[in-house]
Amino acid sequence: MRRITFIQPVLIVSILLAACLPAFSGSLDSFQGEKGELKISGGTAHIPVMKEAARRIMMANPEIQISIAGGGSGVGIKQVGEGLVDIGNSGRKATDEEIGRYQLKLFQWAIDGVGPVVNPENPVKALTKDQMKDIFAGKVNNWKMLGGEDREINIYTRDEASGTRAVFWKKGLDKGAITSFAHVVVSNGAMKSAIAQDPYGIGYVSVGHIDTTVAPVALDGVVPTIETVQDGAYKIARGLYSNTRGEPVGLTKKFIDFLYSPDGKKIIESKGFIPVR
Amino acid sequence: MKKIGELVAERTFLLSALASSSITVAILAFMVFMGLPLMKQAGFYQLLVKPWAPYQGSFGIYPMIVGTGCISFLSLVVAFPLSLGCSFLIATIAPKPVSKGLRRLIELMTGIPTVIYGFVGIFLLVPYIRELFRSGSGLCVLTAALVLGIMITPTMTLFFCDSFDRIPRSYLTAAEALGASRTQKLLYVILPCAKKGMLNGVILALGRAVGDTLVALMLAGNSVRVPGSVLEPARTLTAHIALVIAADYESPEFRSIFACGVVLYLFTMMVTFLVRYLSFAEGRRD
């Protein structure tokens with residue numbers, strides 16, 4: 001008898017939970033009765049939003065398995081095009097050639113800035129655009145020249161297939177040169193930890209990724225934040241895209257619809273991006 | 001009945017042997033085939049000696065070859081004395097229980113995933129190197145070589161131990177009877193006898209250093225230029241492949257990683273042949 005009294009409350013609670021969860025989920029209702037696997041890869045800026053959305057969907061419906069991988073925008077477009085994943089994320093608009101070759105459908109669900117960042121210990125927290133171009137071109141190579149310590153500037157950049165790099169290079173550096181001295185890291189997360197580790201480093205990350213471990217650098221007096229990106233004062237911005245091969249169906253379509261739902265928009269906002277209206 | 005069973009088994013084994021060996025050849029053929037358009041356009045030799053500047057249409061892998069060479073050679077310089085010391089301790093100096101324990105420990109170390117070495121390197125060694133030399137970011141050839149050296153030491157040590165163990169007991173006893181000190185025993189008996197086996201160990205460890213991706217990717221900085229000093233960042237061939245694989249399939253960037261693959265493949269093949277040749281030479285002498 002004792003054993004049953006122990007199990008009873010657990011059973012009651014779990015039945016209640018099972019009964020109540022759908023009622024609380026709102027935008028998650030559409031996932032009722034769905035099951036299967038959804039594979040997502042690509043842009044690393046997207047990952048926090050993808051993870052949170054996936055967590056909620058999988059909590060509401062344990063029959064659904066969602067896997068999220070990084071790799072960068074290039075990988076996202078390539079893998080969705082080759083049919084390896086259901087959704088390929090990219091931090092840049094896919095080129096016309098890519099859209100044509102893979103019959104991609106593009107879904108832009110957020111606007112994101114790309115901001116230069118330094119270590120919080122670094123006294124240099126404002127640069128002009130020309131100064132920044134000179135730094136990345138390797139012409140200015142010591143923090144002393146910018147009012148900092150007498151130490152070399154360690155430049156960090158992303159690999160060539162990165163959407164973050166593409167946008168920063170085009171809009172931040174006006175397609176100027178990036179010195180071959182620059183260190184190369186493979187994701188927004190890796191960039192953040194590299195800069196957090198290196199007091200003399202400078203790099204660039206998606207604005208959604210800026211937190212207390214790295215300090216944003218004001219560019220021509222404008223600090224890259226959600227607000228400045230939203231009101232257009234900060235110019236280095238881009239869309240975050242989720243791409244599918246052909247018109248999305250089933251779980252894939254529901255996942256993308258969820259990103260556009262009120263709950264999805266809240267997630268996007270909470271992760272530091274601006275949801276598209 | 002037995003005969004048919006034997007025949008089936010024989011054929012099955014032959015088939016699997018053929019499959020595994022033909023896959024090895026097929027991989028090389030595949031890489032050459034995929035890299036061919038770029039190699040034809042730019043010339044294989046040109047790819048080997050030119051710099052990497054994709055926006056200027058130059059897809060040479062020269063900086064990566066130099067980077068690989070520097071880092072793996074330096075890691076050997078780090079690993080060789082360490083391994084020699086360890087293996088000498090295990091094989092001759094330490095009392096039996098200690099040497100047995102040490103040996104188990106080193107065997108365990110060979111199994112540690114490389115990403116752990118990389119991770120420890122990032123948090124412990126990188127800031128230290130940066131502040132010690134007050135130059136650069138700490139992500140450099142030296143850091144990568146140090147960690148890689150420590151990573152290949154267990155492999156090398158085990159090879160050294162094995163070749164020390166193969167020395168006939170009587171040689172050592174004879175040296176002792178002649179009144180040789182431990183140092184003399186090492187220099188005049190053990191080292192000359194174990195030379196070939198040790199060379200095998202060094203070459204295999206070199207192969208491991210060249211083939212490792214993660215340590216270099218995490219610690220060497222990955223900048224695309226020929227390093228001017230050991231404190232400058234560099235990129236290895238394997239790290240280059242890992243970084244460029246995200247590029248568009250049709251792009252020349254992507255094609256160029258097949259050239260990297262061919263270079264790595266040929267290098268590993270050379271190492272294997274060298275080891276085979278040395279073992280063969282040793283076997284014949286005995």
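Colleague: Which residue in strand 11 of chain A is the bridge partner of Leu106(A)?
Modeller: Asn243(A) is the partner of Leu106(A). Strands here are DSSP runs of E, at least two residues long, and helices are runs of H or I, at least four long, both numbered from the N terminus.

Colleague: Is this an experimental model or a predicted one?
Modeller: The model is predicted, and local features need pLDDT of at least 70, side-chain atom pairs count only at pLDDT 80 or more, while totals for chains, interfaces and linings use all residues. Residues are numbered from 1 along each chain as its sequence is written, with chains lettered from A and ligands numbered from 1 in the order in which they are written.

Colleague: Back to strand 4 of chain A. How many bridges join strand 4 to strand 11?
Modeller: Nine, and the two strands run antiparallel. Strands pair if DSSP finds at least two bridges between them.

Colleague: And how many bridges join strand 4 to strand 8 in chain A?
Modeller: Five, again antiparallel. Strand 8 covers residues 201-206. There, Val114(A) stands opposite Ser206(A).

Colleague: What about strand 12 and strand 9 of chain A?
Modeller: Strand 12 (residues 274-275) pairs with strand 4 in the antiparallel sense over two bridges. In that pairing, Ala110(A) has Pro275(A) as its partner. Strand 9 (residues 215-216) is joined to strand 4 by two bridges, also antiparallel. Val117(A) faces Pro216(A) there.

Colleague: How many residues of strand 4 are buried in chain A?
Modeller: Eleven of its 15, so the strand is mostly covered. A residue is buried if 20 or more other C-beta atoms lie within 10 Å of its own, exposed if 12 or fewer, and partly exposed in between; the C-beta atoms are placed from the backbone.

Colleague: New spot: Gly264(A). Why does Gly264(A) count as buried?
Modeller: Because 23 other C-beta atoms lie within 10 Å of it. Gly264(A) is in helix 10 (residues 262-270) of chain A.

Colleague: Which residues does Gly264(A) touch?
Modeller: Leaving out residues up to four places away in sequence, Gly264(A) touches Ser27(A), Ala53(A), Phe258(A) and Leu259(A). Contact means C-beta atoms, placed from the backbone, within 7 Å.

Colleague: How is chain A split into domains?
Modeller: Domain 1 is 3-18 + 25-111 + 238-275, and domain 2 is 113-237. The bounds come from an automatic or database domain assignment. The two C-alpha centres are 29 Å apart. The contact takes 18 residues from domain 1 and 19 residues from domain 2 of chain A.

Colleague: Which element gives the most to the domain 1 side of that contact in chain A?
Modeller: Helix 3 (residues 73-81), with three residues. By class, that side has six nonpolar, nine polar and three charged residues. Nonpolar means Ala, Val, Leu, Ile, Met, Phe, Trp, Tyr, Cys and Pro; charged means Asp, Glu, Lys and Arg; the others, Gly among them, are polar.

Colleague: How many residues do chain A and chain B put into their contact?
Modeller: Chain A gives 20 residues and chain B gives 19. On the chain A side, the largest share comes from helix 3, with three residues. The classes on that side are seven nonpolar, eight polar and five charged.

Colleague: Now chain B. How many helices and strands does chain B have?
Modeller: Eleven helices and two strands. Of its 286 residues, 37% count as buried. The C-alpha trace spans about 75 × 70 × 30 Å along its principal axes.

Colleague: What are the domains of chain B?
Modeller: Domain 1 is 4-48 and domain 2 is 62-285. Their C-alpha centres lie 28 Å apart. Domain 1 gives eleven residues to the contact and domain 2 gives ten. Helix 1 of chain B supplies the largest share of the domain 1 side, eight residues. That side has ten nonpolar residues, one polar and no charged.

Colleague: Which residues have the most contacts inside the largest nonpolar core?
Modeller: Ala144(B) and Ala220(B), in a core of 137 residues. Such a core is a set of buried Ala, Val, Leu, Ile, Met, Phe, Trp, Tyr and Cys residues joined through C-beta atoms within 7 Å. Helix 6 (residues 141-165) of chain B gives the largest share, 15 residues.

Colleague: What does Ala144(B) contact?
Modeller: Beyond neighbours within four places in sequence, Ala144(B) contacts Ile71(B), Val215(B), Ala216(B), Leu219(B) and Ala220(B).

Methods:
Two residues are in contact if their C-beta atoms, placed from the backbone, lie within 7 Å.
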